[in-house]
Amino acid sequence: MITRARIATARLKCLAAAISICALAGCRLSSDNPTSLTLGVLGGDDQTAAAGTVFPDPLRVVVIDQFGFSTEGVTIAWAITSGGGSLDAVSTKSDADGTSSVMYTAGPTAGRATITATVIGIGTVTFGETIT
């Protein structure tokens with residue numbers, strides 16, 4: 001004998017399946033769509049070093065696609081926007097792990113330094129360092 005509870009449960013299961021199918025119908029994992037990239041800080045932010053010295057850790061970024069996978073060959077432009085000093089490169093490319101880095105040598109004056117990493121069309125991340 002089929003009870004009302006079993007009928008109600010069967011209807012709910014059918015409704016849940018229909019909703020899932022409709023939701024998934026709008027989703028596609030396809031290489032036909034343009035890749036959306038994200039630039040993020042991986043390391044080297046908020047360090048302290050004496051004026052004129054190299055900071056202990058490299059400034060590192062990572063570039064990932066919309067699925068969270070690393071992206072190789074993306075050009076990153078590096079710039080010192082305050083605090084002076086020098087970078088060992090003004091432009092780098094992401095490696096097979098999607099990462100890229102530069103070493104920063106502090107400027108001659110104590111204070112705060114700001115360095116940016118930019119990927120055209122994606123965005124900019126900022127590193128804040130302290131020069132003592």
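Visitor: What's the strand order in the open sheet of five strands?
Guide: This is a predicted model, and in it the order runs S2-S10-S9-S4-S6, with mixed pairing.

Visitor: Which strands stand at the edges?
Guide: Those are S2 and S6, the latter spanning 91-93. Each has a single partner strand, so one side of each has no neighbour in the sheet.

Visitor: And how do S4 and S6 pair?
Guide: In the antiparallel sense, over three bridges, with S4 covering residues 75-82.

Visitor: What holds paired strands together in general?
Guide: Strands of a sheet pair through backbone hydrogen bonds, in either a parallel or an antiparallel way.

Visitor: OK, switching to Val125. Where does it lie?
Guide: Val125 is in strand S10, residues 123-131.

Visitor: Is Val125 buried or exposed?
Guide: Buried: its relative accessible area is 12%, and the cut-off for buried is under 20%.

Visitor: What does Val125 touch, leaving out residues up to four places away in sequence?
Guide: Leu39, Gly40, Val41, Val61, Ile115, Thr116 and Ala117. Take Leu39: it sits 86 residues from Val125 in sequence, yet the two are 7.2 Å apart in space, C-alpha to C-alpha.

Visitor: New topic: which loop is Asp46 in?
Guide: Asp46 is in the loop between strand S1 (37-43) and strand S2 (48-49). Its phi is positive, about 60 degrees, although Asp46 is not a glycine.

Visitor: And is Asp46 buried or exposed?
Guide: Asp46 counts as exposed, because its relative accessibility is 55% and the cut-off for exposed is over 50%.

Conventions
Residues numbered from 1 in each chain as written. Predicted model: local features only at pLDDT ≥ 70, side-chain atom pairs only at ≥ 80, totals over all residues. Heavy atoms only, no water. Helix = DSSP H or I, 4+ residues; strand = E, 2+ residues; numbered from the N terminus. Buried < 20%, exposed > 50% of the residue type's maximum accessible area, 1.4 Å probe, protein only. Contact = heavy atoms within 4.5 Å. Pairing = 2+ DSSP bridges.
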